[in-house]
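Dear colleague,

Please find the structure below, handed over for your files.

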Amino acid sequence: MKTLSELYNEVIANEELKKAFAEAAKADQLVEFAKEHGCETTLEDMKAFRDGDKPLSLDELDSAAGGGSCKEYWVECGNCGKKNKYKEGEPRPKNCQYCSWIFNQ
Ligand SMILES: [Zn+2]
């Protein structure tokens with residue numbers, strides 16, 4: 001079995017795998033995608049891995065807002081088309097939480 005980090009390095013080094021990853025993100029099949037490529041994982045683990053060295057995840061932004069004084073916007077993922085929420089004053093995400101794992105480092 002591969003670790004997430006091994007899978008990640010494999011995907012970012014391979015255009016075909018990047019495309020397959022995007023397709024999997026679109027179809028909510030990322031856990032299956034990882035499994036097919038030899039890595040048993042969960043979406044939670046993927047998120048934790050992606051967020052490892054970032055200051056704030058989108059979910060953290062959600063909980064940090066504390067009562068809707070902030071405007072929220074929806075922006076479509078530039079890769080798979082999933083909707084992303086972001087708040088006024090925060091960097092606007094180009095990709096959804098899963099595509100950003102690969103495309104928006
Ligand atoms: Zn996406």
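**Overview of the chain**

Of the 105 residues in the chain, 19% are buried, a residue being buried if 20 or more other C-beta atoms lie within 10 Å of its own, exposed if 12 or fewer, and partly exposed in between, with C-beta atoms placed from the backbone. This is a predicted model, in which local features need pLDDT of at least 70 and side-chain atom pairs count only at pLDDT 80 or more, while totals for chains, interfaces and linings use all residues. Residues are numbered from 1 along each chain as its sequence is written.

The secondary structure comprises six helices and two strands; helices (H or I, at least four residues) and strands (E, at least two) are DSSP runs, numbered from the N terminus. In order from the N terminus, the elements are α-α-α-α-α-β-β-α. Among contacts between residues at least 6 apart in sequence, 47% join residues at least 24 apart. Two residues are in contact if their C-beta atoms, placed from the backbone, lie within 7 Å.

Helix H1 spans residues 4-12, and its residues Leu7, Tyr8 and Val11 are buried. These three lie on the same side of H1, because they cover an arc of only 100° around the axis; the arc is that of the directions from the helix axis to the C-beta atoms. Ser5 and Asn9, on the other side of H1, are exposed. As background, an α-helix has 3.6 residues a turn, so residues three or four places apart point the same way.

H2 has 12 residues and reaches 17 Å from its first C-alpha to its last, close to the 16 Å expected at 1.5 Å a residue. The expected span is 1.5 Å times one less than the number of residues in the helix. Phe21, Ala22, Ala24 and Ala25 are the buried residues of H2. They cover an arc of only 160° around the axis, which puts them on the same side of H2. The face turned away from that buried side carries the exposed residues Glu15, Glu16 and Lys19. After H2 comes aspartate 28, whose phi is positive, near 55°.

**The nonpolar core**

A nonpolar core is a set of buried Ala, Val, Leu, Ile, Met, Phe, Trp, Tyr and Cys residues joined through C-beta atoms within 7 Å. The largest one has 16 residues, of which Leu7, Phe21, Ala25, Cys96, Tyr98 and Cys99 touch the most other members. Two or more residues come from each of H1, helix H2 (15-26), helix H3 (30-36) and helix H6 (99-103). H2 gives the most, with four residues. Not counting residues up to four places away in sequence, phenylalanine 21 touches Val11, Phe33 and Ile102.

**The strand pair**

Strand S1 (residues 72-76) and strand S2 (residues 83-87) pair in the antiparallel sense over five bridges, where pairing requires that DSSP finds at least two bridges between the strands. Glutamate 72 stands opposite lysine 87 in S2, and tyrosine 73 stands opposite tyrosine 86 in S2. The two strands form a hairpin with six residues between them, and glycine 81 in the turn has a positive phi of about 90°.

Glutamate 76 belongs to strand S1. This residue counts as partly exposed because it has 14 C-beta neighbours inside 10 Å. Glutamate 76 touches Gly81 and Lys83, not counting residues up to four places away in sequence. Its C-alpha atom is separated by 7.6 Å from that of cysteine 96, 20 residues apart along the chain.

Yours sincerely
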